[in-house]
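Here are a few notes to go with your first look at this one.

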Amino acid sequence: VNPLQVHFPRNLVTAIGKLPWDDGWNVRNMDLAVEVASGPLDDLPVYLPEIFNAAKGWTKASLRFQGDLLHPEVTGNASLYGDLLGFKGMKRPLKQVELGVSTENRVVRVSPLKAILGRGVLKGTAEVDFRDGPGSLTASLSGEKLDLSWGRIEVERASAAVMVSGNLYNP
């Protein structure tokens, strides 16, 4: 692949590297870099209406896939910055959303994770470690003065803190 570019109306995805196919159509030794140029979030409610009701901002990613096609080693990072991001059923969307995801050596880190929810700020971090088995999770999420209106739930100036750790499938 030298280079493959896919143009979308408001974004560009570029892939470059090698995908060596063996006689059984298997890829055992790939080395592929994928770059997602900075692109808008505005179309999320159009393409995923069952998840999003509003979106404005941008995202970008730079990833490298190595090894077996079905179980690649993935390294890289992705970023999302949203002026607003509303999930289905949310009456007040998240504002000033900042999300970063990076992966290296079979560890996925989420940081920063930050958003304004009403008058308050929601912050968090997470790490999923796949180095020794099926995965271990460590995550924390906290917020103060949060205003949440989702479905029939109406909460104002709430504070919350959640910490989760343990096996990824049974934390």
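Is arginine 119 buried or partly exposed? Keep that in mind while reading; the answer comes in the first point. Bear in mind too that this is a predicted model.

1. Start with arginine 119. Its relative accessibility is 45%, so the residue counts as partly exposed, since that label covers values between 20% and 50%. Its salt-bridge partner is glutamate 156, and the closest N and O atoms of the two are 3.4 Å apart. Glutamate 156 belongs to strand S10, while arginine 119 sits in the loop between S7 and S8, so this pair ties together parts that lie 37 residues apart in sequence. Glutamate 156 itself is exposed, at 54% relative accessible area.

2. Arg119 and Glu156 are linked with Arg92 and Asp147 in a network of salt bridges. If you're clicking through the model, show these four side chains together. In total, the count of salt bridges comes to eight.

3. Next, look at lysine 91 and glutamate 154. Their side chains meet in a salt bridge, at 3.4 Å from N to O. Glutamate 154 is in strand S10 (residues 153–167), and lysine 91 is in the loop between strand S5 (72–87) and strand S6 (94–104), so the bridge ties together parts 63 residues apart in sequence. Lysine 91 counts as exposed, with 53% relative accessibility, whereas glutamate 154 is partly exposed at 49%. The cut-off for "exposed" is over 50%, so these two get separate labels.

4. Another pair worth a look is arginine 109 with glutamate 127, whose side chains form a salt bridge at 3.1 Å, N to O. Here a strand meets a strand: arginine 109 lies in S7 (residues 107–117) and glutamate 127 in S8 (residues 120–129), so the parts tied together are 18 residues apart in sequence. Arginine 109 is partly exposed, with a relative accessible area of 38%. Glutamate 127 is also partly exposed, at 28%.

5. Now leave the charges aside. Which residues make the nonpolar surface patch? They are Trp21, Trp25, Leu69 and Leu70, and the patch comes to about 550 Å². Take tryptophan 25 as an example: you'll find it in the loop between strand S2 (11–18) and strand S3 (30–40). Tryptophan 25 has a relative accessible area of 65%, so it is exposed.

How values were computed: Residues are numbered from 1 along each chain as its sequence is written. This is a predicted model: local features need pLDDT of at least 70, side-chain atom pairs count only at pLDDT 80 or more; totals for chains, interfaces and linings use all residues. Side-chain values use heavy atoms; hydrogens and water are left out. Patches are made of residues with over 30% relative accessible area and no salt bridge: like charges are joined within 9 Å, nonpolar side chains (Val, Leu, Ile, Met, Phe, Trp, Tyr) within 5 Å. Accessible areas come from the Shrake-Rupley method with a 1.4 Å probe; for residues, only the protein chains shown count as cover. Helices (H or I, at least four residues) and strands (E, at least two) are DSSP runs, numbered from the N terminus. Buried means under 20% relative accessible area, exposed over 50%, partly exposed in between (1.4 Å probe, protein chains only).
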